[in-house]
Amino acid sequence: MKFTKYILIVLLLPLASSFDSYELKDSRFLLQKWVQEDYDQNGFRYKSASSFESDKPGIEFLKDGSLIKRQNAGWCGTPPISYDNFDGKWERISDNEIKIEHRFWGGTSIANVRIVSLTETEMIVQFEQVETIMEE
C-alpha cells in the first residue's frame, strides 16, 4: 500500500507543479497594444486596446522585436501625471519570460518580465531584475 501511494505521488507531482507557471507557447496575443489597468500582489494587469489612453501607462509589442512603452514623461509621480511614448526592444527569454529594454525620461530601463497570464484581451506580468541606467 505504501508503494502504491509513493508511485501515485511521484506521478502526480509533475502535474501539480505545471500549474505554477504560465508558458508563452504562442506570442500572437502579445503582439498588440496593452493599457495598464491596475496592479496587486499577482502583478501588473493590462487590457488590450486599439490605442493608448492619455492618462494611463501602456506597452505595445511589435513583431519585429521593437516596442513602445507609454509611461511617466518626467521624474515627478504626483498627479496630474504626463505620459509619453518611449521606444525600445523586446526579446523572448523562455516560455514565460521576455526581456525588455526601453528609454525613459532619465535614461534606459532593462527588465525581465515574467508573464503570469496572457489571453487575447488581458495580460498579467511581473517585472523582475529591473536595471536602470541613468543619463548624466
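Visitor: How many bridges join strand E2 and strand E8?

Guide: This is a predicted model, in which local features need pLDDT of at least 70, side-chain atom pairs count only at pLDDT 80 or more, and totals for chains, interfaces and linings use all residues. Residues are numbered from 1 along each chain as its sequence is written, and side-chain values use heavy atoms, with hydrogens and water left out. Strands are DSSP runs (E, at least two residues) numbered from the N terminus, and two of them pair if DSSP finds at least two bridges between them. Strand E2 (residues 43-49) and strand E8 (residues 122-134) are antiparallel, and their bridges number four.

Visitor: Which residue in E8 is the bridge partner of Lys47?

Guide: E2 and E8 are also neighbours in the order E1-E2-E8-E7-E6-E5-E4-E3 of a closed, antiparallel barrel of eight strands. Within E8, Lys47 has as its bridge partner Glu122.

Visitor: Which strand gives the largest share of the lining of the largest cavity?

Guide: A cavity is a set of points on a 1 Å grid over the protein atoms alone where a 1.4 Å probe fits but cannot get out, and lining residues have an atom within 4 Å of a point. Tyr46, Ile59, Phe61, Ile100, Val113, Met123, Val125 and Phe127 form this lining. Strand E3 (58-61) and E8 each supply at least two of the lining residues. The largest share, three residues, belongs to E8.

Terms used. 1 Å grid on protein atoms, 1.4 Å probe; cavity = no way out; pocket = protein on both sides within 12 Å on 5 of 7 lines; lining within 4 Å.
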